[in-house]
Amino acid sequence: MARWTGEWLPGTGSGPGSENRTAPKWPGETFGLPESGVGSVAGFGSRLLALVIDLVLAGLITTLFVRYDVQDVAAMQTFNRWAGVVWAVITTVPAMFFGFTPGMGAVGVRVARLDGATMVGPWRAVLRMVLTVVIVPALVRNTDGRSWLDRVTGTVVIRMR
């Protein structure tokens, strides 16, 4: 996929001027991350599972406060709007301060900044959430296992255990 999309965002290997560089042997090698275990780049499956857990959790929390009725279109539109707001909050706020969402914590992955700072911070967390909603930036990945949203925010999703 990286060859098709090119590396028009900073942070990885292929693209103009990369002819003299060798391809990384494993995702994250470019950034000094281990090949496997704690601190290695998280795979797509664990990232997807974390997203699904966050979405289910947002729906469950929303059912506590908003009427859920699959037969009533207006009620379901209201429910879905509020579920989206709840999802945005439960993915942005924890990621901002702790580096992981509830789903990421359950799966054992977290967001780490490439510059070594401990907190992801507000603008990175909000931008990650917005780009996840768009879907395509979260799906297109490069040889380092980073999606567009990781490259735009200068982050990488790594394993915690």
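What share of the contacts in the protein chain with a separation of 6 or more comes from residues 24 or more positions apart? And how do helix α2 and helix α3 pack?

Modeller: The model is a predicted one. Residues 24 or more positions apart account for 65% of the contacts with a separation of 6 or more in the protein chain. The chain contains seven helices and two strands, arranged along the sequence as α-α-α-α-β-α-α-α-β. Of its 161 residues, 40% are buried. The chain exposes about 9,000 Å², and 68% of that area is supplied by carbon and sulfur atoms.

Turning to the pair in your request, helix α2 spans residues 44-63 and helix α3 spans residues 73-98. Their axes lie 8 Å apart, and the packing angle is about 125°. Angles over 145 degrees would count as roughly antiparallel and those from 65 to 115 as roughly perpendicular; α2 and α3 are therefore oblique to each other. The crossing of α2 past α3 is right-handed.

On the α2 side, the contact is made by Leu 51, Asp 54, Leu 55, Leu 57, Ala 58, Gly 59, Ile 61, Thr 62 and Thr 63. These meet Phe 79, Trp 82, Ala 83, Val 86, Trp 87, Ile 90 and Thr 91 of α3.

Technical notes: Residues are numbered from 1 along each chain as its sequence is written. This is a predicted model: local features need pLDDT of at least 70, side-chain atom pairs count only at pLDDT 80 or more; totals for chains, interfaces and linings use all residues. Side-chain values use heavy atoms; hydrogens and water are left out. Helices (H or I, at least four residues) and strands (E, at least two) are DSSP runs, numbered from the N terminus. Buried means under 20% relative accessible area, exposed over 50%, partly exposed in between (1.4 Å probe, protein chains only). Contact means heavy atoms within 4.5 Å. Accessible areas come from the Shrake-Rupley method with a 1.4 Å probe; for residues, only the protein chains shown count as cover. Axes are lines fitted to C-alpha atoms, for helices over the stretch in contact, and angles run from 0 to 180 degrees between N-to-C directions. Angles under 35 degrees count as roughly parallel, over 145 as roughly antiparallel, 65 to 115 as roughly perpendicular and the rest as oblique. A crossing is left-handed if the near helix is turned anticlockwise from the far one by less than a right angle, and right-handed if clockwise.
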